[in-house]
Amino acid sequence: LTFADHLVSHMDRRQKRADATNDATRRLQEAQRVAQIGDWDYDLTTGVVRWSPQLCTMYERDPARAILSYADFESYLDEEDRQAVGQAMDRAIESAERQQYAFAATLPSGTVTYHEIVAVPLRNHAGKVVRLYGTDQDVTSRKLVDTLQQEVAHLSRVDAMNAMAATLAH
């Protein structure tokens with residue numbers, strides 16, 4: 001009887017931990033959806049890249065295909081961004097320090113989106129970088145607002161110069 005009670009108690013604790021883990025996972029997924037941010041990891045020894053479901057959604061990729069190669073990721077980038085991202089990844093691997101970089105991605109639908117990446121290296125016991133972890137945030141709406149603000153500022157300057165020219169002409 002004591003054993004059965006102990007077993008039931010153990011199963012209850014186990015179920016509570018599982019429920020808490022599931023709840024935390026749901027909250028994380030919702031936070032990623034709201035912030036338009038996904039996470040990824042890149043195993044340098046195998047070349048395998050894993051994306052979170054939110055990151056797959058952001059790149060119009062089926063979440064069932066969350067395991068891809070680095071070349072698959074590069075297919076979203078133009079040549080200039082491919083080189084810039086490659087250099088940032090190389091710096092992260094060589095320096096073993098956190099890197100942050102930005103790029104434009106062309107999605108399968110043809111839509112261009114803008115992203116900011118943070119890559120954090122992970123070393124093995126010998127000190128060699130063997131994996132990169134990171135986040136990828138879609139900043140397209142922020143980029144659009146910045147562009148519109150720059151355009152408004154430019155138009156304001158042009159308007160001021162036109163007013164000054166009109167004043168001088170009279």
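The legends below describe close-up views of a predicted model.

Residues are numbered from 1 along each chain as its sequence is written, and side-chain values use heavy atoms, with hydrogens and water left out. In this predicted model, local features need pLDDT of at least 70 and side-chain atom pairs count only at pLDDT 80 or more, while totals for chains, interfaces and linings use all residues.

**View 1. The largest cavity and its lining.** Searching the whole structure gives 1 cavity of 30 Å³ or more; a cavity is a set of points, on a 1 Å grid over the protein atoms alone, where a 1.4 Å probe fits but cannot get out. The volume of the largest cavity is about 110 Å³, taken as the space filled by probe spheres set on the points, which are joined across faces, edges and corners. Its lining consists of W40, Y42, V49, W51, L55, Y70, F73, M89, Y101, I117 and D136, where a lining residue has an atom within 4 Å of a point. Two or more lining residues come from each of β1 (37-43), β2 (48-51) and α3 (70-74). Helices (H or I, at least four residues) and strands (E, at least two) are DSSP runs, numbered from the N terminus. By class, the lining has 10 nonpolar residues, no polar ones and 1 charged; Ala, Val, Leu, Ile, Met, Phe, Trp, Tyr, Cys and Pro count as nonpolar, Asp, Glu, Lys and Arg as charged, and the others, Gly among them, as polar.

**View 2. Helix α4 (residues 79-95) and its buried side.** The 17 residues of α4 reach 24 Å from first C-alpha to last, close to the 24 Å expected at 1.5 Å a residue; the expected span is 1.5 Å times one less than the number of residues. D81, V85, G86, A88, M89 and A92 are the buried residues of α4 (buried: under 20% relative accessible area; exposed: over 50%; partly exposed: in between; 1.4 Å probe, protein chains only). These residues lie on the same side of α4 because they cover an arc of only 165 degrees around the axis, the arc being that of the directions from the helix axis to the C-beta atoms. Exposed residues E80 and E94 are on the face turned away from the buried side. The buried residues pack against β1, α3, β4 (99-106), β5 (112-123) and β6 (129-138), with contact meaning heavy atoms within 4.5 Å.

**View 3. Positive phi at E60 and A96.** Most residues other than glycine have a negative phi. E60, not a glycine, has a positive phi of about 55 degrees. E60 sits in the loop between α2 (53-58) and β3 (67-69) and is partly exposed, with a relative accessible area of 39%. A96, also not a glycine, has a positive phi of about 60 degrees and belongs to the loop between α4 and β4.

**View 4. K16 and V8 in helix α1.** K16 lies in α1 (residues 2-35) and counts as exposed at 62% relative accessibility. Its C-alpha atom is separated by 28 Å from that of R50, 34 residues apart along the chain. V8 is partly exposed, with a relative accessible area of 46%. The C-alpha atoms of V8 and Y114, 106 residues apart along the chain, are 52 Å apart.

Note on methods: 1 Å grid on protein atoms, 1.4 Å probe; cavity = no way out; pocket = protein on both sides within 12 Å on 5 of 7 lines; lining within 4 Å.
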